[in-house]
Structure formats: C-alpha cells, structure tokens
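Trainee: I am new to this structure and would like to go through it with you. May we look at it together?

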Amino acid sequence: MFNTPYYNETIKKVIVGFGALFSNVQVIRRNNGVTAEIVKVPIAYGPKEKFITRIDSDPELNAGVFITLPRLGFEITGYNFNSSEMTNRNNKISCAKTDGTSFVYTPVPYDVNIQLYALTKGTEDGLAIVEQILPLFTPEYTLTI
C-alpha cells in the first residue's frame with residue numbers, strides 16, 4: 001500500500017492559495033477625514049501563539065521592530081474527510097503519466113480547515129480588515145486550485 005512514495009504538493013498549494021486570497025488587504029488610515037496613508041497588511045503562515053509571544057515579550061513595542069502591525073496570520077487547524085463528495089473509489093480517471101500508466105483512481109475528498117487571525121494595535125485597523133473579509137464568506141468559501 002505504501003510501496004511507492006509520492007508528493008504532489010497538494011496541501012502546500014492549498015496553503016499558498018489561501019494566503020494569496022488575503023494578500024491584497026489594505027487599511028486606510030485617516031486624519032480628520034482625509035486619507036493620511038494606505039497600509040498593506042502583511043500575511044504569514046503560522047499559529048497565533050507565535051505572534052502573541054512576540055507581543056508579550058514587549059507589550060509596548062519599544063524594543064526594536066519585532067513585528068509590524070496590522071498583520072494577518074493563518075494556520076491549518078484540521079483535516080476532515082468529506083463523505084458528501086465521495087464518489088466510487090474504483091472509478092478510473094484517464095490521464096497521461098510518464099511511467100506508462102494511463103489512469104488514476106478517484107481521489108478522496110478532504111476539507112482543510114484554516115483559521116485566519118488579524119493582529120492590530122487599534123480597533124479601527126481591525127474593523128477595516130474584517131469589513132474587507134467578511135462579505136466574501138457565507139460562512140464558507142470554496143477555493144479552486
């Protein structure tokens with residue numbers, strides 16, 4: 001069953017696709033109703049505990065640049081088998097492979113659960129980020145890769 005090793009980078013592509021989905025979030029900062037600056041919010045893959053640890057080590061953010069705010073982070077929180085999309089396992093899908101075989105069996109569907117975190121210094125930045133993201137999700141989003 002595990003004789004031939006393989007790695008198609010499917011989960012890696014999911015992570016890259018999810019990060020690209022949120023790579024253009026920007027925050028508009030205003031001063032007396034006039035746009036003072038537009039800040040692009042960086043995004044990184046990693047658990048929220050990593051960012052919180054950095055903030056806890058320097059709560060006033062005075063000791064050099066450890067982290068720039070606002071910031072988005074995301075992590076995979078689980079993998080769930082999706083039985084509602086499962087088809088017959090013996091179905092063969094035609095394909096051209098370099099090793100001479102001309103088919104593969106039906107893939108097994110899984111849902112990848114990813115959580116997105118927003119870390120901001122002020123409420124305005126957090127609300128601006130949430131307001132750009134929430135209209136896209138109802139409460140799920142299917143990303144085709």
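Mentor: Let us begin with a term: a residue is called buried when its relative accessible area is under 20%. Please keep in mind that this is a predicted model.

Trainee: Which residues are buried in α1?

Mentor: In α1, the buried residues are Ile15, Gly17, Phe18 and Gly19. Strands β3, β4 and β7 are among the elements that cover the buried residues of this helix.

Trainee: And how many residues does α1 have?

Mentor: Helix α1 has 12 residues, and from its first C-alpha to its last it reaches 17 Å, close to the 16 Å expected at 1.5 Å a residue.

Trainee: Turning to the sheet, what is the order of its strands?

Mentor: The order is β3-β4-β7, in an open sheet of 3 strands with mixed pairing.

Trainee: Why is one side of β3 and of β7 left without a neighbour in the sheet?

Mentor: Both β3 (43-45) and β7 (110-119) stand at the edges and each has a single partner strand, so one side of each lacks a neighbour there. From one strand to the next, the twist averages 30°.

Trainee: How do β4 and β7 pair?

Mentor: β4 (residues 71-81) pairs with β7 in the antiparallel sense over 10 bridges. Within this pairing, Ile76 has Ile114 in β7 as its bridge partner. Helix α1 (residues 10-21) packs on the sheet, and its direction makes about 140° with that of β4.

Key
Residues numbered from 1 in each chain as written. Predicted model: local features only at pLDDT ≥ 70, side-chain atom pairs only at ≥ 80, totals over all residues. Heavy atoms only, no water. Pairing = 2+ DSSP bridges. Helix = DSSP H or I, 4+ residues; strand = E, 2+ residues; numbered from the N terminus. Axes fitted to C-alpha atoms, helices over the stretch in contact; angles between N-to-C directions. Contact = heavy atoms within 4.5 Å. Expected span 1.5 Å × (residues − 1). Buried < 20%, exposed > 50% of the residue type's maximum accessible area, 1.4 Å probe, protein only.
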